[in-house]
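User: I am new to reading protein models. Can you take me through one, feature by feature?

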Amino acid sequence: MAKMIREVMTRDVEVINPSDTLRDAAEKMRSLNVGPLPVCDGQRVLGMITDRDIVVRGIALGKDPNSTQVSDVMSPGIEYCFDDDNADDILNRMKEKQIRRFIVVDRNKKLVGIVALGDLSGEVSEQKVGEALEGISEPSGPVI
C-alpha cells in the first residue's frame, strides 16, 4: 500500500521572512546545511528561495546581499501538496512538473513540512524514482 506524504516528509521546516536579506537566507542555509527555504509571512507560504536563486538572481546581477530582500529573488507560486496525498501521486507530479521538492501543507494550507525526491526513494519503487529523476533532469525548453 502506498504511503502518505506525512509518513515520509521532513517536519519542522525552517522558514525565512520575505523581508530578510539574502545574507540572512544564505547564513540560515549554511547553518542548517540546506539549499531551499520556504518563504513565509506568518503561517502563509509565499514562495521558496534556494541557494541557486541567491546566486543567479542576486549575486550574478550585482545585488547587495546585505540589503537585497529575499522577496526580490525568491520563486513565487511554489508547488505544494497535502500531507495526506499519496506518495506515488506526488512522485508523478514531480516528474511532470520537473521539480525535486514540494512544500507540504495540511488541509487548512498551514505549512507542515517539505518532501524531496530523496524522501520518496525508499518509499516507492526504485524504477519509479529513477523515471521521475530522469523526467526532472530533462530540459523543459530550449537551453540558452
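Analyst: Let's start with a pair of charged side chains. Keep in mind that this is a predicted model. Arg30 and Glu27 are three residues apart in helix α1, so about one helical turn separates them. Arg30 forms a salt bridge with Glu27, and their closest N and O atoms are 2.6 Å apart.

User: What lets two such side chains pair?

Analyst: Side chains of opposite charge can pair when their charged atoms come close. The cut-off here is 4 Å from nitrogen to carboxyl oxygen. By this rule the structure has eight salt bridges.

User: Which parts of the chain does the salt bridge of Lys97 and Glu79 link?

Analyst: The side chains of Lys97 and Glu79 meet at 3.6 Å, N to O. This pair links distant parts of the chain. Lys97 is in helix α3, residues 87–97. Glu79 is in the loop between β3 and β4, and the two residues are 18 apart. Both are partly exposed: Lys97 at 40% relative accessibility, Glu79 at 26%. There is also a network of salt bridges, which links Glu79, Arg93 and Lys97.

User: Where do Asp85 and Arg107 lie?

Analyst: First, the contact itself. Asp85 forms a salt bridge with Arg107, with the closest N and O atoms 3.7 Å apart. Asp85 lies in the loop between β4 and α3, and Arg107 in the loop between β5 (101–105) and β6 (111–116), so the pair ties together parts that are 22 residues apart in sequence. Asp85 is buried, with a relative accessible area of 16%.

User: What else does Arg107 do with its side chain?

Analyst: Look at the ring of Phe82. Arg107 lies over its face, 3.7 Å from the ring centre. Phe82 is buried, with a relative accessible area of 16%.

User: How many aromatic pairs does the structure hold?

Analyst: One. The rings of Tyr80 and Phe82 have their centres 5.8 Å apart. To name the geometry, check the angle between the planes: over 60 degrees counts as edge-to-face. Here the planes stand at 90°, so this pair is edge-to-face. Tyr80 is partly exposed, at 31% relative accessibility.

User: Now the sheet. How do I read one?

Analyst: Strands of a sheet pair through backbone hydrogen bonds, either parallel or antiparallel. So look at the strand order and the sense of pairing. This model has an open sheet of three strands in the order β1-β2-β3, with antiparallel pairing. β1 (36–41) and β3 (75–76) stand at the edges, each with a single partner strand, so one side of each has no neighbour in the sheet.

User: How many bridges join β2 and β3?

Analyst: Two bridges, in the antiparallel sense. β2 covers residues 44–50. Met48 has Ser75 in β3 as its bridge partner.

User: Which helix lies across β2 and β3?

Analyst: Helix α2, residues 51–58. It runs at about 70° to β2.

User: Last one. Which residues does Arg6 touch, leaving out those up to four places away in sequence?

Analyst: Arg11, Asp83 and Asp84. Arg6 is in the segment before α1 (22–32). Sequence distance and distance in space can be compared here. Arg6 and Asp106 are 100 residues apart in sequence, and their C-alpha atoms are 9.3 Å apart. Arg6 counts as partly exposed, at 31% relative accessibility.

Definitions and conventions
Residues are numbered from 1 along each chain as its sequence is written. This is a predicted model: local features need pLDDT of at least 70, side-chain atom pairs count only at pLDDT 80 or more; totals for chains, interfaces and linings use all residues. Side-chain values use heavy atoms; hydrogens and water are left out. Two strands pair if DSSP finds at least two bridges between them. Helices (H or I, at least four residues) and strands (E, at least two) are DSSP runs, numbered from the N terminus. Contact means heavy atoms within 4.5 Å. Axes are lines fitted to C-alpha atoms, for helices over the stretch in contact, and angles run from 0 to 180 degrees between N-to-C directions. Buried means under 20% relative accessible area, exposed over 50%, partly exposed in between (1.4 Å probe, protein chains only). Rings of Phe, Tyr and Trp (its six-membered ring) pair if their centres lie within 6.5 Å; planes under 30 degrees apart count as stacked, over 60 as edge-to-face and the rest as tilted. A charge sits over a ring if NZ of Lys or CZ of Arg is within 6 Å of the ring centre and within 35 degrees of the ring normal.
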